[in-house]
2 protein chains.
Amino acid sequence: MVKRDMTRQFLEEAYCGESKAHMKYLIFADEAEKKGLDNLANMWRAIAHAEYVHAKNHFKALGYVGSTEENLESSREGEDFEIKEMYPVYNNSADFQEEPEAVRSTHFALEAEKIHEGMYAEAKQKATEGKDIEGKTYFICEVCGYTTWDAAPEKCPVCGAKKEMFTSFSNK
Amino acid sequence: MVKRDMTRQFLEEAYCGESKAHMKYLIFADEAEKKGLDNLANMWRAIAHAEYVHAKNHFKALGYVGSTEENLESSREGEDFEIKEMYPVYNNSADFQEEPEAVRSTHFALEAEKIHEGMYAEAKQKATEGKDIEGKTYFICEVCGYTTWDAAPEKCPVCGAKKEMFTSFSNK
Ligand SMILES: [Fe+2]
Ligand SMILES: [Fe+2]
Ligand SMILES: [Fe+2]
Ligand SMILES: [Fe+2]
Ligand SMILES: [Fe+2]
Ligand SMILES: [Fe+2]
């Protein structure tokens, strides 16, 4: 783990930069795929994975990988901050500045983070008992990020998107 | 696209926060999987995808999705900054502060970014001609992020990892 403050600060910034680049490339890959540019989409996704490796190396040097319980608490804490502080303020400010697109995107995020916080809190309880969580299939709304499990709803309760707009995640 | 400066600044920060959370959850998912906690790994990956949806909504509200050519130039520019400014400074500072882990992780990133910049520049040329790039299989070193195509090297030229440590990306 790094010891000096300035090196720590730089690695934090590098972790942020790699995370933003990774995300941007995944977004651009999806856009390219929509236009039928499959080879370009594949290149963007491959490079996004390289940025993942870079971010992971910085994250580990920062000492941020802990026990399963600690990793769940770190995840839960981030969601808690977004629910109680970050998104209410950003959403309120977007409303105040009459920016409907930003009101929408911050509202969508806030609603999903509330669910995420609960999922991490419950999983942390299991981890304290030394157990894995129950196996579930998760469903994510591609429009707003609403997160649920077992089945996709007929209509997304947050954004109104149809069942077909959900992507499922299960253990292969 | 948002118009007001403060809303823009907040969305930039939210994009950064979502990108970092997404990345953290992918890292924790990999750690959970290594410990045989497959259900937890699946949950972390599903939530990471919800953060991707949030980040994409913010990114679009910021007006950052452009034409294919513009998206490639945005990607190339980011790499160029990392090659010429960010990583040389961070690597030099880590060396100056005698932080070997940070010297290593910034060196690994710098070497891969040089390759990425060239890939984006070449792809941009094709996009200018209205074409997709040639179909290739890409290979990413899981230790350092070194990026190559057609075949994985016997030994990674940047970190020395063996061929087996490479992950491949091709169009399904
Ligand atoms: Fe990188
Ligand atoms: Fe979340
Ligand atoms: Fe939704
Ligand atoms: Fe989020
Ligand atoms: Fe890169
Ligand atoms: Fe390598």
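**Note on the iron sites and on chain A**

1. The cysteine A:C159 is partly exposed, with a relative accessible area of 25%, where buried means under 20% relative accessible area, exposed means over 50%, and partly exposed lies in between (1.4 Å probe, protein chains only). A:C156, by contrast, is buried, at a relative accessible area of 4%.

2. Please bear in mind that this is a predicted model, in which local features need pLDDT of at least 70 and side-chain atom pairs count only at pLDDT 80 or more, while totals for chains, interfaces and linings use all residues. Residues are numbered from 1 along each chain as its sequence is written, chains are lettered from A and ligands numbered from 1 in the order in which they are written, and side-chain values use heavy atoms, with hydrogens and water left out.

3. Both cysteines belong to the site of the iron ion (ligand 3), which is coordinated at 2.3 Å by the SG atoms of A:C141, A:C144, A:C156 and A:C159. Donors here are N, O and S atoms within 2.8 Å of the metal (3.2 Å for Na, K and Ca), and since water is not among the atoms, sites may look incomplete. In sequence, the donor residues of this ion follow the spacing C-x2-C-x11-C-x2-C.

4. What is the geometry of the site of the iron ion (ligand 3)? The angles among its four donor atoms run from 102 to 117°, and the site is tetrahedral, a label given to four donors if all angles lie between 85 and 135 degrees. For four tetrahedral donors, the ideal angle at a metal is 109.5 degrees.

5. A:E51 bridges the iron ion (ligand 1) and the iron ion (ligand 5), which are 3.9 Å apart.

6. A:E113 is buried at 0% relative accessibility, and B:H54 is buried at 1%. A:E113 also coordinates the iron ion (ligand 2), which is 3.9 Å from the iron ion (ligand 4).

7. A:A112 is found in helix 4 (residues 100-128) of chain A and is buried, with a relative accessible area of 1%. Leaving aside neighbours within four places in sequence, A:A112 is in contact with A:G145, A:Y146 and B:H54, where contact means heavy atoms within 4.5 Å.

8. As for the whole chain, chain A has four helices and three strands, arranged along the sequence as α-α-α-α-β-β-β. Of the 172 residues in chain A, 52% are buried. Among contacts in chain A between residues at least 6 apart in sequence, 52% join residues at least 24 apart.

Conventions
Helices (H or I, at least four residues) and strands (E, at least two) are DSSP runs, numbered from the N terminus. Four donors count as tetrahedral if all angles lie between 85 and 135 degrees; four count as square planar and six as octahedral if opposite donors are over 155 degrees apart and all others between 65 and 115; anything else is irregular.
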